[in-house]
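Please look at the model before reading on.

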Amino acid sequence: MINDSVFIFSEEQLKYKFNSNHPFNQLRLKITLDLLKQLNALSDHQIIQPRKASDEELQLIHDPRYINAVKLAGLGQLSAEKAENYGLGTDDTPIFPNMHDASSWLVGGTLTAVDYVMTGKAKHALNLGGGLHHGFKGKASGFCVYNDSSVAIKYLQEKYHARVLYVDTDAHHGDGVQWSFYDDPEVCTLSIHETGRYLFPGTGNVNERGHGKGYGFSFNIPVDAFTEDESWLEAYTTSLTEVAAFFKPDVIVTQNGVDSHYLDPLTHLSATMKIYREIPKLAHRIAHQYCEGRWIAVGGGGYDIWRVVPRAWSLLWLEMTNNTELSNDPLPLEWIQSWQSKASVPLPKHWDDPSNLYPPIPRKAEITEKNAQTVEKALYPIRNHKKSIEKG
């Protein structure tokens, strides 16, 4: 059976677990899955079991010595000194048992999504277990052991000879993916994130535009702390529309971290559920406008696993499957009752946030103006090129 959209998931993805106190908690996958099932928005035939990425596939991006170090670490056989050299055993990325296998399942989920879309078995594919965008060639970073998006993009290039547009809307800069393709003109990266002045990883400045042949194919929109919905969406809509028109991709890969929300404990932005209605809507349109519908979406950050992640990620799937009308009603009572006893906060009853979610931001006009200037700087090369062509 051919599905318009497929949802990649298996219990194996829940084994990527650092410890019970770590902010990266894959229980959010189960909570989201259950919400979609309670809505009758996800049927069994749409759920596709991922495969585990092979070492050979991981080596499309990662150094074999690093992969071996991850294997040894997960078996308790890597010295603390060697672990530190590979970014393992830190507060951000602690060592946990069988971490190589757990990480390989997440990468394999994104590769499964790629194959479904590129062979025509589905127009769109979603792997919420993926989106680990901080992983480097030979180093773990920021909760990320292997970088599934980078591996998947390289796989898209080698197996399907595709020009890839990677769009990252996580509050943290998509540094690992950017640096993986910084000199490659066949991959265009666009990251909209909180400025690195206050937030890990501290990169993603406007002037990070690519290197060598890849110069002009890396775009960064670092928005100011306390940015609200309107300014955030203006930056996103303007940049994605213009970058897609400039690059004309064969396939779009979107990273859907949902930590720009006001309630997220690790970031300083003031977005609400409104942006998570709009983000997938534009991505969906771009996929059909330039890529014959080919759209691979992954998860990412999101650390309020009760109030933010399930709603935001469900809205992504509802857009992908043209079922957005299901988000007009209150959230299913069965879902709230099922999870409330396990939750550390009262669960929301509605899809959208209340208008008084946070007190008024005093610098709103200043922040909005600053973000508009950032977009102008980021898109200057495209706009300048366009002007020079028009002048002829």
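## Terms and model

A crossing of two helices is left-handed if the near helix is turned anticlockwise from the far one by less than a right angle, and right-handed if clockwise. Helices are DSSP runs (H or I, at least four residues), numbered from the N terminus.

This is a predicted model, in which local features need pLDDT of at least 70 and side-chain atom pairs count only at pLDDT 80 or more, while totals for chains, interfaces and linings use all residues. Residues are numbered from 1 along each chain, and side-chain values use heavy atoms, without hydrogens and water.

## Two helices

The axes (lines fitted to C-alpha atoms over the stretch in contact) of α9 and α10 come within 9 Å and cross at roughly 30°. The two helices are therefore roughly parallel (under 35 degrees between N-to-C directions). Their crossing is right-handed.

Contact means heavy atoms within 4.5 Å. On α9, M273, Y276, R277, P280, K281 and H284 take part; on α10, R311, A312, L315, L316, E319 and M320 do.

## Cavities

A cavity is a set of points on a 1 Å grid where a 1.4 Å probe fits but cannot get out.

Lining residues have an atom within 4 Å of a point. Those of the largest cavity include T169, N256, Y276 and W313. The elements giving two or more residues to this lining are α9 (273-290) and α10 (309-320).

Terms used:
1 Å grid on protein atoms, 1.4 Å probe; cavity = no way out; pocket = protein on both sides within 12 Å on 5 of 7 lines; lining within 4 Å. Axes fitted to C-alpha atoms, helices over the stretch in contact; angles between N-to-C directions. Parallel < 35°, antiparallel > 145°, perpendicular 65-115°, else oblique.
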